[in-house]
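Student: I would like to go through the terms used for this model and see what stands behind them.
Tutor: Here it is.

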Amino acid sequence: MKIVHCLIHYFPFHFAGTEVYTHTLAKLQQNDGYIVAVITPFIEYLSPGNMVEHYQYDGIDVYQFKETGNPHLQDIYTGKIKPEGLNNFLVTLKKLNPDIVHFHELNLSNSFTINHVKIAKQFGAKVFITMHLSFLTCNTNILIRQKKLCSGKIDQYDCTACSYNTFFKIPGFIASPLAAAGNLFALTGGINLLRPGKFKTFFSIPLIIRRKKNDLVETIKYTDKFIAIAEWYKKILLTNGVPESKIAVIPQGLPMVSCNRTVILKKVIQLPIKLVFVGRIQPQKGVHILIKAVQQFTKESITLDIFGREENSPYYRDCVAESAKTNNISVKGFLNNVDVTETLSKYDMFCLPSLFSEMSPLVIQEAFASGLPVLASKVYGNMEQVQHGKNGLLFDFNSLESLTEQLNSLVKDSELLISLQKNITPPISFADINKQYIKLYAS
């Protein structure tokens with residue numbers, strides 16, 4: 001069996017959870033004797049340097065196909081034109097001749113889209129899609145509407161209003177009537193009178209929502225199985241009309257070929273409580289809220305270490321500057337994947353203040369494997385893995401007050417962390433996850 005995994009970025013050019021998940025799966029399948037490769041686009045206007053049509057990373061063959069990056073992205077987003085690199089993708093498929101084409105990312109632009117899914121199916125391969133993010137059904141990719149968890153159902157007006165509120169910071173009571181006007185303007189062709197720019201982007205939102213809804217219908221038609229890595233997202237797929245027979249749930253596991261399934265328990269936890277964050281230092285991760293909360297405590301009660309790749313962004317620089325204002329917060333830099341669990345075991349609690357509904361964060365599994373309870377925000381992906389008062393603590397979404405309250409409870413109750421730690425369940429091994437995928441392919 002020949003298996004091809006498709007995702008927008010890959011090692012060594014990009015490091016994130018989707019790449020770790022896919023690479024671990026690919027290596028296990030290769031070790032089992034299957035022929036495995038990765039396909040990724042080379043988008044000229046985004047990618048530095050020259051395209052490498054074929055290279056190897058850790059023994060996995062990686063193939064890039066050229067996507068010129070049409071400058072009229074708005075026309076691609078709304079479905080008016082197709083990505084220019086589609087034929088290059090087909091040429092790569094013909095070269096590899098896979099039995100299985102497994103997508104790990106889909107979007108509306110010029111990397112992997114419903115058009116690529118159609119080509120893979122028409123080529124004759126079996127098509128699988130694993131959802132690592134909620135973008136298939138949510139335009140904002142956060143599943144939060146006016147500070148509340150969204151039902152996830154694609155709705156022309158509600159999703160337009162939510163996009164206006166999220167992307168353009170328009171208050172909800174104004175966004176709703178604007179959504180009605182925007183839909184009328186866009187769907188009657190008024191948008192064609194506008195030149196490319198902010199106004200056209202704004203009034204294109206209704207067309208993007210309509211395309212997202214239509215794309216999902218098409219994706220259902222051309223996909224053999226949707227794989228949800230969380231039960232909560234299966235419910236959202238069902239809400240949007242995906243037949244249950246086309247959905248499989250394969251829960252998140254620890255993305256290591258072999259992992260220690262035994263959680264080492266600490267017998268005593270003393271002040272200061274040592275908190276740790278590992279991940280991208282970007283706004284949607286909520287690192288700024290965590291910094292503000294920890295700043296309210298002394299070095300003798302709570303410390304925080306932040307691990308994340310250095311980024312050339314105002315947000316990253318702001319977080320570093322804020323951390324330097326107190327003596328109980330340190331920004332430690334990038335942490336290699338192989339060092340994560342060993343490093344985490346030196347701390348008392350992992351923090352994940354997400355400002356979007358992460359699908360099923362890998363770092364929670366890494367924390368559990370290291371014996372750490374997790375303090376996380378109340379969003380779908382976190383809530384499915386972290387049970388408040390059992391194996392971790394949850395705080396209200398985007399609430400500094402609620403986060404501070406939970407930190408206070410840790411400082412005041414010396415036995416709380418110990419009791420949370422005792423209820424941690426060791427992660428599923430990725431070898432088990434791979435077996436479920438192979439069984440799914442064969443079915």
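Predicted model: local features only at pLDDT ≥ 70, side-chain atom pairs only at ≥ 80, totals over all residues.

Student: Which residues of α3 are called buried?
Tutor: In helix α3, residues 86-96, they are Leu 86, Phe 89, Thr 92, Leu 93 and Leu 96. Buried means under 20% relative accessible area, so each of these falls below that cut-off.

Student: Why are they said to line one face of the helix?
Tutor: Viewed along the axis of α3, the buried residues lie within an arc of 120°, so they line one face. An α-helix has 3.6 residues a turn, so residues three or four places apart point the same way.

Student: What does the face turned away from the buried side carry?
Tutor: That face of α3 holds Asn 87 and Lys 94, both exposed.

Student: What do the buried residues of α3 pack against?
Tutor: Their partners are β1 (2-6), β2 (35-43), β4 (60-67), β5 (100-103) and α4 (114-123).

Student: Now the sheet in the order β13-β12-β11-β14-β15-β16. What makes β13 and β16 edge strands?
Tutor: β13 (329-333) and β16 (392-395) each have a single partner strand, so one side of each has no neighbour in the sheet. On average, neighbouring strands here are turned by 25° against each other, direction ignored.

Student: How do you know that β12 and β13 pair?
Tutor: Pairing requires at least two bridges, and four join β12 (residues 302-307) to β13, so the two strands pair. In one of these strands, β13, Gly 333 is the bridge partner of Phe 307.

Methods. Residues numbered from 1 in each chain as written. Heavy atoms only, no water. Buried < 20%, exposed > 50% of the residue type's maximum accessible area, 1.4 Å probe, protein only. Arc of directions from axis to C-beta. Contact = heavy atoms within 4.5 Å. Axes fitted to C-alpha atoms, helices over the stretch in contact; angles between N-to-C directions.
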